[in-house]
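Reader: I've got the model loaded and a few things to ask. Can we go through them one by one?

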Amino acid sequence: MGLIEDCVEHFNEKNLYAVLAVETSAKPNELKKAYHRCSLKVHPDRVSESDKNDATKKFQTLGKLYSVLSDKEKRSIYDETGKVFDDLDTDQEMDWNDYWRLLFQKITVKDIEKFEETYRESPEELEELKKAYIEFSGDMEEILKNVMCCTYDDEPRFRKTLQELIDNDELPEYEMFTKEDKKKSKKRKKKAMAEEKEAESMKKEFNLGDADDSLMAMIQKKQASRQQGADDFFAQLEAKYAKPKSKSGGKKKKK
């Protein structure tokens with residue numbers, strides 16, 4: 001099966017650019033960022049065991065797709081003909097996980113903390129908060145799942161900001177937000193406290209300190225509470241801090 005057929009099967013799209021959700025005029029750095037975001041969401045190491053097989057196929061398809069669009073000549077041929085030639089079949093045995101790691105370096109706990117510090121209460125966070133409020137019609141449960149870096153401790157701050165925007169007619173008023181049952185808020189808080197306790201237990205179980213290895217516990221905590229928000233968080237964080245490796249070492253596998 002060819003690459004385009006794989007895209008249709010796994011992403012219901014035959015257009016390579018549409019799979020990455022970018023324009024055909026996307027620049028190389030935009031393509032790389034889009035590939036990074038998409039591949040993070042289907043990375044085999046970030047899904048349950050039951051979904052691993054499907055995620056692996058999607059991950060491999062994205063790797064092949066990016067290898068076409070990141071190659072000037074292959075991309076030109078695809079843009080002109082809409083076809084991907086079968087010479088790509090020689091890449092069937094490539095380790096696409098190694099290929100991905102050759103492009104993106106591992107992030108650290110310090111990177112995460114730095115990113116969170118600069119992102120919180122920034123204009124970017126405000127725009128994302130407004131977008132989530134509109135998209136989910138004021139559902140605070142979904143807002144907290146989809147705004148990067150936030151925890152349930154941010155709910156009072158988000159509520160105050162959103163209410164001010166509503167009062168200033170900058171956002172529509174949704175009953176789901178203004179008349180939310182207080183029991184739902186209490187339930188969220190209780191769940192958040194339980195997850196934090198679980199994260200601390202996990203940290204002790206794996207003997208994780210404050211070094212980079214504690215990144216595992218941070219990821220587990222975020223993914224357990226709000227999967228989509230975690231996907232966006234780590235995709236944008238790694239896209240911001242990951243630095244591409246030099247092409248001279250591109251053929252060597254990272255150990």
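Reader: Which side chain makes a polar contact with that of R75?
Author: A polar contact here is a pair of N or O atoms within 3.5 Å, one able to donate a hydrogen and the other to accept it, and residues adjacent in sequence count only if both atoms are side-chain atoms. This is a predicted model, where local features need pLDDT of at least 70, side-chain atom pairs need 80 or more, and totals for chains, interfaces and linings use all residues. Residues are numbered from 1 along each chain as its sequence is written, and side-chain values use heavy atoms, with hydrogens and water left out. At 2.8 Å, the partner of R75 is Y17.

Reader: Is R75 buried or exposed?
Author: R75 is found in helix 5 (residues 72–81), helices being DSSP runs of H or I with at least four residues, numbered from the N terminus. Buried means under 20% relative accessible area, exposed over 50% and partly exposed in between, with a 1.4 Å probe and protein chains only. R75 has 13% relative accessibility, so R75 counts as buried.

Reader: How do helix 1 and helix 4 lie to each other?
Author: The axes of helix 1 (residues 3–11) and helix 4 (residues 52–69) come within 10 Å and cross at roughly 140°; axes are lines fitted to C-alpha atoms over the stretch in contact, with angles from 0 to 180 degrees between N-to-C directions. Under 35 degrees counts as roughly parallel, over 145 as roughly antiparallel, 65 to 115 as roughly perpendicular and the rest as oblique. Helix 1 and helix 4 are therefore oblique.

How values were computed
Helix = DSSP H or I, 4+ residues; strand = E, 2+ residues; numbered from the N terminus.
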